[in-house]
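Hi there,

Here is the structure I promised to pass on.

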Amino acid sequence: MNTASPGQRRSAFKKLFGFLLFYFLFIPFSWAVTASLSVDTINISAGETGSFTISGNDDGDDEFQFRWDIPAGLNVSKGGSSNLKKFEIDWEKMRIKVESDARGSFSATINVFANNDGNFVLNNTRAEINLNPADVSINVGGTGGTTAPPPDEGTTTPPPSGGTGTADYTFYVDSGQVDITASPDSGNGATSLPIWGYTDINGGAGRIPGPVINAVEGGTITVEVVNNHNRDHNFVVQGVTSDTTAIPPGGSRIYTLNTPTSGVFFYRDTLANNVNRSLGLLGAVVVRPSAGSTRAWSGGPSFDQERLWVINDMDVPRWNNVAIGGGNVNTGTYRPNYFLMNGMNGFQAMGDASTNIEGTVGETFIVRIVNAGQYDQSLHFHSNHFRVISRNGNRLGNFEWQDTINVKAGSTAMVLYQLNQPGHYPMHVHTAQMETGNGVYLNGTAAMIIAH
Ligand SMILES: [Cu+2]
């Protein structure tokens, strides 16, 4: 039996209506969760670091995820953060992932860095609460961030000499440095390594690898090497030239390369019982059937894009530091602690468009590999198998299908790799230590395979 009077029922209804009105009009606002980015456009110079911050409020009761894709060529690393359940850079999938921890306000700062000029866009691919703006554009321009190499200690370097300037290529030998970047995950590993190297800039710092020599099958090329360094050096192309005469400091010498066959060849300084080569005097000669050809050799297999991977290893404490300090390297002990890909540590190489295999599904890449180091390297490609078509300049009759290739120290190989499925995949080496730079994981030999 209902004992409530009509007035009481009306009053109860009014209360309920009032509550519902309050509920719908006001309660939802206390649940409104939002996030925002500090900037949507960052302007920096090559080699300079910029950053952006995501901050917001979750409802204090739920966690919310945000995700951005990392474009090739851009390096990102974690900055400061608060009240997050997850904050990680996933280099396998090329993503930044942020997840709030249901504590109300949260924030995450992401540092960005690029070695090369360009426009990079970090596309937001997941935001579980309203995020404004969602994407970040990074404009990298100018020439900031370059540093002069340190001088050799305790020695006198001759003034730059120009040589005769009559050869197809002129190389200069000098000291230089390789800048190793920090792991974006741990923040560890950033340093500068002292090296010796070839460069094509008169008076410039030596670099790893030396400039690429591009030649045509059946042709002749001349290379003049000018020694702007304070020790003897030479220049020998394995299997192509045999002149090992030392070029004294301040001297120069012209080499003639007859290039009979298409392939990839290894050049280096053969003096000082591997010390000169190990410190960075190394590089590659690429011979094609004709300029711009997209065949491995005349009548050989064709490709859509080409990549050159010059890899090397260095025992910096026992070899580089001793030689550059003017001491004698004990060549009986070699324990490399840096493994470079095209002169870069892994995290740099994985963001380098000219190193990564990146293209559209169906495209075939020729990858010319030079192992200029003293350790054999076992390179493993994910996503698809490849064909080995040449070793040490020798064309193979039967192309073997492999997913791993062992490239012995001082040898070369050419492989054909086809992108067969979209996604981001790693190319890594099968010796764990060689995946590191002085123990920092993924700062060793590595590259990305990216198929669109
Ligand atoms: Cu693997």
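Predicted model: local features only at pLDDT ≥ 70, side-chain atom pairs only at ≥ 80, totals over all residues.

Residue numbers start from 1 along each chain as its sequence is written.

The protein has five helices and 32 strands, where helices (H or I, at least four residues) and strands (E, at least two) are DSSP runs numbered from the N terminus. Of its 452 residues, 39% are buried, that is, with 20 or more other C-beta atoms within 10 Å of their own; exposed is 12 or fewer, partly exposed is in between, and C-beta atoms are placed from the backbone.

One open, mixed sheet holds five strands in the order β22-β32-β29-β24-β27. β22 (357-359) and β27 (404-407) are at the edges with a single partner strand each, so one side of each has no neighbour in the sheet. Strand β24 (residues 377-381) pairs with β27 in the antiparallel sense over four bridges; pairing requires at least two DSSP bridges between the strands. In this part of the sheet, S378 is opposite N406 in β27.

Now for the loop between β16 (236-237) and β17 (252-259), where Q238 lies. Q238 is partly exposed, with 19 other C-beta atoms within 10 Å. The C-alpha atoms of Q238 and R268 are 8.0 Å apart, although 30 residues separate the two along the chain.

Best wishes
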